Amino acid sequence: MTLDLKAVCRAVIVAPHPDDEIIGATGLIQALRRQGSMVRVIVVSNGAASHPNSGAWPPERLIAARRQESLSALRRLGVTRQHVTFLGLPDGNLSAETLLCRRRLNRAIRRCRGLDMLVGPAMTDAHPDHRAVAAALRAVRFSGRRMTYQVWPPQRTRVARCRTVSLAGGVAAKRSLIRMHRTQLGAITDDPHGFAIARHELAVFAHPVEQFAEDAR
């Protein structure tokens with residue numbers, strides 16, 4: 001069943017890391033912007049843990065690059081810099097910063113007045129940072145509609161009672177936006193244990209039909 005967005009005028013997409021908003025909600029952002037809705041994006045962690053042993057990419061450089069990657073991809077979807085907030089919390093350690101995560105998210109969401117929809121990661125996501133953000137969001141006071149998306153493990157299996165959004169432009173459009181996150185696709189070569197999206201993961205992430213589940217709390 002298609003996600004009904006007609007009544008949504010203002011939405012916030014919460015991403016645990018810089019790129020989750022593109023992997024999980026490109027189609028949703030596109031659909032909202034095309035109907036004239038305001039979209040804000042909140043990126044929780046700084047993204048510095050993907051290549052901790054890189055000499056050429058120390059944390060400061062990697063954080064700056066990942067922010068720019070997110071901003072560039074979002075700009076193509078019609079979301080400008082003034083509507084993107086980076087909280088800068090420690091990547092890979094959000095579960096140890098539960099209270100701080102909750103406070104920062106609550107403060108950032110309160111600044112987004114008149115929201116109709118709050119979208120964030122699912123509690124069932126395999127990544128601990130994603131689950132930490134999901135738990136923090138559940139503690140945020142919000143009376144509008146709540147939706148969740150799942151990134152890890154990447155799968156196309158339909159979530160029970162999910163709602164879908166299809167991306168105009170299909171696989172090619174989504175793959176193109178994901179590829180703007182070059183630091184996560186093998187551009188950093190001096191950390192043998194660094195993270196890179198695998199080919200099979202990219203194929204699934206680029207699927208143009210996104211799934212969202214209602215979070216009734």
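Modeller: Helices (H or I, at least four residues) and strands (E, at least two) are DSSP runs, numbered from the N terminus. D91 sits in the loop between β3 and α3. This is a predicted model, where local features need pLDDT of at least 70, side-chain atom pairs count only at pLDDT 80 or more, and totals for chains, interfaces and linings use all residues. Residues are numbered from 1 along each chain as its sequence is written, and side-chain values use heavy atoms, without hydrogens and water.

Colleague: Why is D91 called buried?

Modeller: Buried means under 20% relative accessible area, exposed over 50%, partly exposed in between (1.4 Å probe, protein chains only). D91 has a relative accessible area of 15%. That value is under 20%, so D91 counts as buried.

Colleague: Which residues does D91 touch?

Modeller: A contact is a pair of heavy atoms within 4.5 Å. Residues up to four places away in sequence are not counted; beyond them D91 touches H17, S45, N46, G47, A48, A49, S50, R66 and D129. As for C112, it lies 21 residues from D91 along the chain, and their C-alpha atoms are separated by 24 Å.

Colleague: And D19, buried or exposed?

Modeller: Its relative accessible area is 7%, which puts D19 among the buried residues. D19 belongs to the loop between β1 and α1 (20-34). Its contacts, apart from neighbours within four places in sequence, are R66, S70, H181 and Q184. D19 also has a positive phi of about 140°, although it is not a glycine.

Colleague: What makes the sheet one of seven strands?

Modeller: Two strands pair if DSSP finds at least two bridges between them. The seven strands form an open sheet in the order β3-β2-β1-β4-β5-β7-β6, with mixed pairing. β3 (84-89) and β6 (163-166) are the edge strands, as each pairs on one side only. From one strand to the next the twist averages 25°.

Colleague: How do you know that β1 and β2 pair?

Modeller: Six bridges link β1 (residues 10-15) to β2 (residues 38-45), in the parallel sense. At least two are needed, so β1 and β2 qualify. R10 stands opposite M38 in β2.

Colleague: Which helices pack on the sheet, and at what angles?

Modeller: Axes are lines fitted to C-alpha atoms, for helices over the stretch in contact, and angles run from 0 to 180 degrees between N-to-C directions. Helix α3 (residues 98-110) touches β1, β2, β3 and β4 (117-121), and its direction makes about 165° with that of β3. Helix α4 (residues 128-138) touches β1, β2, β4 and β5 (145-149), and its direction makes about 150° with that of β4. Buried residues of α4 include D129, H130, A134 and L137. The buried residues of α4 pack against β1, α1, β2, α3, β4 and β5.

Colleague: What makes β4 mostly covered?

Modeller: Five of its five residues are buried. β4 runs parallel to β1, joined by three bridges, and V12 has L118 as its bridge partner. β4 also pairs with β5 in the parallel sense, over five bridges. There M117 has R145 as its bridge partner.

Colleague: How many cavities are there of 30 Å³ or more?

Modeller: One. On a 1 Å grid over the protein atoms alone, a cavity is a set of points where a 1.4 Å probe fits but cannot get out; a pocket is an open set with protein on both sides within 12 Å along at least five of seven lines; lining residues have an atom within 4 Å of a point. Grid points are joined across faces, edges and corners, and a volume is the space filled by probe spheres set on the points. The largest cavity has about 90 Å³.

Colleague: Which elements line the largest cavity?

Modeller: β4, α4 and β5 each supply at least two lining residues. β4 gives the most, with four. Among the lining residues are L118, A134, R146 and D215.

Colleague: What is the volume of the second largest pocket, and which residues are closest to its centre?

Modeller: The volume is about 280 Å³. Of its 16 lining residues, H17, D91, H127, Q184 and F195 are the closest to the centre. α1 and α4 are the elements that give two or more residues to that lining.

Colleague: Where is P153, and what joins it to W152?

Modeller: P153 is in the loop between β5 and β6. A cis peptide bond joins W152 and P153, with omega about -10°.
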